Amino acid sequence: MMYDYEAFKSTVLQLTKIDLNAYKENQMKRRIDTLIEKHGYKGYEDYVAALRTNRERFEEFVTYLTINVSEFYRDLPQWDYLDKNIIPKLMERFGKNLKIWSAACSTGDEPYSLVMALSRHIPLNTIRIVATDLDRQVIEKAKLGLYSEKSIAAVPADLKRKYFTKVGLSYRISDEIKSRVEFREHNLLKDNYLAGCHLIVCRNVLIYFTEEAKEEVFRKFHSSLMPGGILFIGSAEQMINYRQLGYGRVNSLFYEKPPRM
């Protein structure tokens, strides 16, 4: 194809603010080439011309790039429990300046959900989430903040109206939410953990670990938490031996490092 992929990436960044350098190149290039061939375009240059002039093609392309399996407010009843019980408890114990870690944050749905949940209780400018993931590519996508309609389906309607803007067939989260999250690369199995956390959220990733590795992660999370801090895990995960690991059980997905007496 005469119009090379590097030039195509630069043009896409100008048109959509999507940086294709943040994606695994072989996989993404293959997907885009398939899309170009599907519609019978001659190459990247021909396709770029269509993106500039054909709204349907532009919207299709943006949506094509934002497919993900993560979701905002995943397991909504647990987020309701966080809102009504956990956040007030943490504020009572620690005040408004909570240190929160979203571990294995994937494409950002979880930390951004946390910011919105906290915004019902405290001013946005007092919220700070540290969000980490092993994969630099998904971190870059998280920083982009562009999501499919399916991904944000569970976001409460008032928050959706307030903090999302439609872009093609996708939705971009507002800069005021994005600015409250600091993304970092981190490997749960080998890197040092954050200290002094009041809330740690790590959901639907430990199911891929061995029992030994999962237990080690739970131990390290316990060390990371302040006394009285809370760990929020996923519905597919269990902490059967939570007492031996030093936790108290709040409910099936929330575990507490006991407060100092």
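Strands E1 and E2 pair in the parallel sense, with four bridges between them. The structure is a predicted model, and the two strands belong to an open sheet of seven strands with mixed pairing. Helices H6 and H10 each lie across several strands, E1 among them in both cases. The largest nonpolar core has 65 residues, and another core, of 19 residues, lies apart from it.

**The sheet**

- The strand order is E6-E2-E1-E7-E8-E10-E9.
- The edges are taken by E6 (181-185) and E9 (248-249); each has a single partner strand, so one side of each is left without a neighbour in the sheet.
- Strand E1 (residues 100-103) also runs parallel to strand E7 (residues 197-202), to which three bridges join it.
- Ser102 stands opposite Val201 of E7, while Ile100 has Ile129 in E2 as its bridge partner.

**Strand E2**

- Five of the five residues of E2 are buried, so this strand is largely enclosed by the rest of the structure.
- Ile129, Ala131 and Asp133 point one way from E2, whereas Val130 and Thr132 point the other way; all are buried.

**Helices across the sheet**

- Helix H6 (residues 109-119) lies across E1, E2 (129-133), E6 and E7, and runs at about 150 degrees to E1.
- Helix H10 (residues 211-224) lies across E1, E7 and E8 (225-233), and its direction is at about 140 degrees to E8.

- Ala104 lies in the loop between E1 and H6, and its phi is positive, at about 55 degrees, although the residue is not a glycine.
- Ser106 is placed in the loop between E1 and H6; Ser106, not a glycine either, has a positive phi of about 55 degrees.
- With a relative accessible area of 26%, Ser106 is partly exposed.
- Glu140 is found in helix H7 (residues 136-144) and, at 27% relative accessibility, counts as partly exposed.
- Glu140 and Thr107 are 33 residues apart along the chain, and their C-alpha atoms are separated by 8.0 Å.

**The pairing of H1 with H3**

- The axes of helix H1 (residues 5-16) and helix H3 (residues 44-53) come within 10 Å and cross at roughly 10 degrees.
- Because angles under 35 degrees count as roughly parallel, H1 is roughly parallel to H3.
- On the H1 side the contact involves Tyr5, Phe8, Thr11 and Leu15; these meet Tyr44, Tyr47, Val48, Leu51 and Arg52 in H3.
- The residues of this contact divide into seven nonpolar, one polar and one charged.

**Nonpolar cores**

- Within the core of 65 residues, Phe72, Phe221 and Tyr247 have the most contacts.
- H6 contributes the largest share of this core, six residues.
- Leaving aside neighbours within four places in sequence, Tyr247 is in contact with Phe218, Phe221, His222, Leu225, Leu231, Met239, Tyr242, Tyr255, Glu256, Lys257 and Pro258.
- The separate core of 19 residues includes Ile18, Leu35, Leu51 and Phe58; Leu51 is also one of the H3 residues that meet H1.

Note on methods
Residues numbered from 1 in each chain as written. Predicted model: local features only at pLDDT ≥ 70, side-chain atom pairs only at ≥ 80, totals over all residues. Heavy atoms only, no water. Pairing = 2+ DSSP bridges. Contact = heavy atoms within 4.5 Å. Axes fitted to C-alpha atoms, helices over the stretch in contact; angles between N-to-C directions. Parallel < 35°, antiparallel > 145°, perpendicular 65-115°, else oblique. Nonpolar A, V, L, I, M, F, W, Y, C, P; charged D, E, K, R; others polar. Core = buried A, V, L, I, M, F, W, Y, C linked by side-chain atoms within 4.5 Å. Buried < 20%, exposed > 50% of the residue type's maximum accessible area, 1.4 Å probe, protein only.
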